[in-house]
Amino acid sequence: MNIKRMVAKEDFEDDKLALAKQAIPGTNMTAMQLAEIARVFSFEDTKLEFLKFAYPFCIDQNKYYLVNDVFSFSTSKDELRKYIGQ
């Protein structure tokens, strides 16, 4: 079963985040795959926390700008950019 489906099956946002954080290390995921997982979360803050956590595990970090589509607010995009040092 893929990570996105496993995370989506969880009922609560905190449980989704905990499972995603447990599953991501040791994987080779692209920015687009991480964005798809982030879309499972309901809250902007959770999406941001997950994408900050997942950045070191992204195999195409030069394309991490692609994850910006998951955000509704420009402040979240700005905060992620600052976090990753762009």
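This is a predicted model: local features need pLDDT of at least 70, side-chain atom pairs count only at pLDDT 80 or more; totals for chains, interfaces and linings use all residues.

Reader: Which residues of helix 3 are buried, and where do they lie when seen down the axis of helix 3?

Author: Helix 3 spans residues 31-38, and its buried residues are Ala31, Leu34, Ala35, Ile37 and Ala38. Seen down the axis of helix 3, these buried residues fall within an arc of 160°, so they line one face of the helix.

Reader: How is helix 3 oriented relative to helix 4, roughly parallel or roughly antiparallel?

Author: The two helices, helix 3 and helix 4, pack with their axes 10 Å apart and at an angle of about 150°. Because angles over 145 degrees count as roughly antiparallel, that angle makes helix 3, relative to helix 4, roughly antiparallel.

Reader: Which residues of helix 4 do Leu34, Ile37 and Ala38 meet, and what classes of residue make up the contact?

Author: By class, the contact of helix 3 with helix 4 has six nonpolar residues, one charged residue and no polar ones. On the side of helix 3 stand Leu34, Ile37 and Ala38, and the residues they meet in helix 4 are Lys47, Phe50, Leu51 and Ala54.

Reader: Is alanine 35 buried or exposed, and what is it in contact with beyond its neighbours in sequence?

Author: Alanine 35, which has its place in helix 3, counts as buried because its relative accessibility is 0%. Leaving aside neighbours within four places in sequence, the residues in contact with alanine 35 are Val67 and Val70.

How values were computed: Residues are numbered from 1 along each chain as its sequence is written. Side-chain values use heavy atoms; hydrogens and water are left out. Buried means under 20% relative accessible area, exposed over 50%, partly exposed in between (1.4 Å probe, protein chains only). Helices (H or I, at least four residues) and strands (E, at least two) are DSSP runs, numbered from the N terminus. The arc is that of the directions from the helix axis to the C-beta atoms. Axes are lines fitted to C-alpha atoms, for helices over the stretch in contact, and angles run from 0 to 180 degrees between N-to-C directions. Angles under 35 degrees count as roughly parallel, over 145 as roughly antiparallel, 65 to 115 as roughly perpendicular and the rest as oblique. Contact means heavy atoms within 4.5 Å. Ala, Val, Leu, Ile, Met, Phe, Trp, Tyr, Cys and Pro count as nonpolar, Asp, Glu, Lys and Arg as charged, and the others, Gly among them, as polar.
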